[in-house]
Amino acid sequence: MLRVAVLRFPGSNSDVDAVRAAERAGADSYLVWHRDSDLRGADVVVIPGGFSYGDYLRAGAIARFSPVMQAVQRHAADGGAVLGICNGFQILCEAHLLPGQLLRNAQLTFLARPVEVRIERTDTPFTADYAEGERLRLPVAHGDGRYVASEDVLRELEAEGRVVMRYVTEEGASPNGSAHDIAGICNAERNVVGLMPHPERAFDPVLGNSDGLAFFTAPASRHATTGRS
Amino acid sequence: MSYRVHVRVMPRQGILDPQGQAVEHALATLGFQEAAGVRVGRAIELTVDAGSREDAERRARAMCDKLLANPVTEDYLVSVEEG
């Protein structure tokens, strides 16, 4: 059975949601405290949303130095799958596992509402069960979601097909002012994915939305057929 | 020798600074129409024990590169005084 470790920092707030979503997908999921440096045989690591360390200094800047992040660096370097959601995406950027940074929303307001996004790439461990171009409705809940990177990095992300998810912006600008309407990206090896929207808050019809469940079923079904995550 | 280090971290020129814009609008509302180009950054002070002023500055710059500033979007200025 796929083992999904969900990290918990002081200030995490979507950690239990992520465990439940992974369980719903048929995985064995458990929390790992940020002071631990053992991921306990995890196939997949989820860095959940929240406000680790109160977002002090910059969102994700302090969490990056937690002992557990050393283990995540090794897991990622060995090709292990990592999904950072919201604050998890911010932490992955601060840890240099993903390029760029997430800054204060362009309109300054905290955004907490469903948004429409488009799956751009299905060749990651987390988006393999979607169709390319598929539109999802997922909740966002962030104050610092404006993706910023240098022109060189943005060109590289586009050229290498590393923009995994984009905000659908037919009605206007992206909700937070992100460059290229970026809602999610992956690393060059495609095993590390960061997203601002929250699939773990949309995995069950009882939540009003199950568009996000496939982020968790994709690694589970791949593990069941190949023994790898 | 102990040195007091002042670090000023600012959003890099050219990067949208919505906080600066909001403060600028608020100043205009209060009648300070002459205020322009407002940008909001962060100031950090710390004491560093070092052999020399240069050494203290070198260590402070290393702290900025590793933690205090994000090189993707921010620039920093370090000044060092004795004491």
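## Burial and the place of Leu83(A)

A residue is called buried if 20 or more other C-beta atoms lie within 10 Å of its own, exposed if 12 or fewer do, and partly exposed in between, with the C-beta atoms placed from the backbone. Leu83(A) has 31 C-beta neighbours inside 10 Å and therefore counts as buried. This is a predicted model, in which local features need pLDDT of at least 70 and side-chain atom pairs count only at pLDDT 80 or more, while totals for chains, interfaces and linings use all residues. Residues are numbered from 1 along each chain as its sequence is written, and chains are lettered from A and ligands numbered from 1 in the order in which they are written.

Leu83(A) belongs to strand β4 (residues 81-85) of chain A; helices (H or I, at least four residues) and strands (E, at least two) are DSSP runs, numbered from the N terminus. Leaving aside residues up to four places away in sequence, Leu83(A) touches Val44(A), Val46(A), Phe126(A), Val193(A) and Phe215(A), where contact requires C-beta atoms, placed from the backbone, within 7 Å. Phe215(A) is 132 residues apart from Leu83(A) along the chain, yet their C-alpha atoms are separated by 9.0 Å.

## Nonpolar cores

A nonpolar core is a set of buried Ala, Val, Leu, Ile, Met, Phe, Trp, Tyr and Cys residues joined through C-beta atoms within 7 Å. The largest one has 73 residues, and Leu83(A) is among those with the most contacts inside it, together with Val4(A), Ala22(A), Val45(A), Val46(A) and Leu92(A). Another core, of 11 residues, lies apart from it and includes Val7(B), Ala56(B), Ala60(B) and Cys64(B).

## Strands around β11 of chain A

Strands of a sheet pair through backbone hydrogen bonds, either parallel or antiparallel. Two strands are taken as paired if DSSP finds at least two bridges between them. β4(A) and β11(A) run parallel and are joined by four bridges, with Val82(A) having Val192(A) as its bridge partner in β11(A). On strand β11 (residues 192-195) of chain A, Val192(A) and Gly194(A) point one way and Val193(A) and Leu195(A) the other, and all are buried.

Strand β10 (residues 182-186) of chain A runs antiparallel to β11(A), with three bridges between them, and Ile185(A) stands opposite Gly194(A). Five residues lie between the strands of this hairpin, in which Arg190(A) takes a positive phi near 70°.

## Sheet and helix of chain B

In chain B, three strands form an open antiparallel sheet in the order β2-β1-β3. β2 (42-49) and β3 (74-82) of chain B each have a single partner strand, so one side of each is left without a neighbour in the sheet. Direction ignored, neighbouring strands of this sheet are turned by 20° against each other on average. Strand β1 (residues 2-11) of chain B pairs with β3(B) over nine bridges, and Met10(B) has Asp75(B) as its bridge partner in β3(B).

Helix α2 (residues 53-68) of chain B lies across β1, β2 and β3 of chain B and runs at about 150° to β3(B); axes are lines fitted to C-alpha atoms, for helices over the stretch in contact, and angles run from 0 to 180 degrees between N-to-C directions. Ala56(B), Ala60(B), Cys64(B) and Leu68(B) of α2(B) are buried. These residues cover an arc of only 80° around the axis, which puts them on the same side of α2(B), the arc being that of the directions from the helix axis to the C-beta atoms. The cover over the buried residues of α2(B) includes β1, β2 and β3 of chain B, whereas the face turned away from the buried side carries the exposed residues Glu54(B), Ala62(B), Asp65(B) and Lys66(B).

Methods: Contact = placed C-beta atoms within 7 Å.
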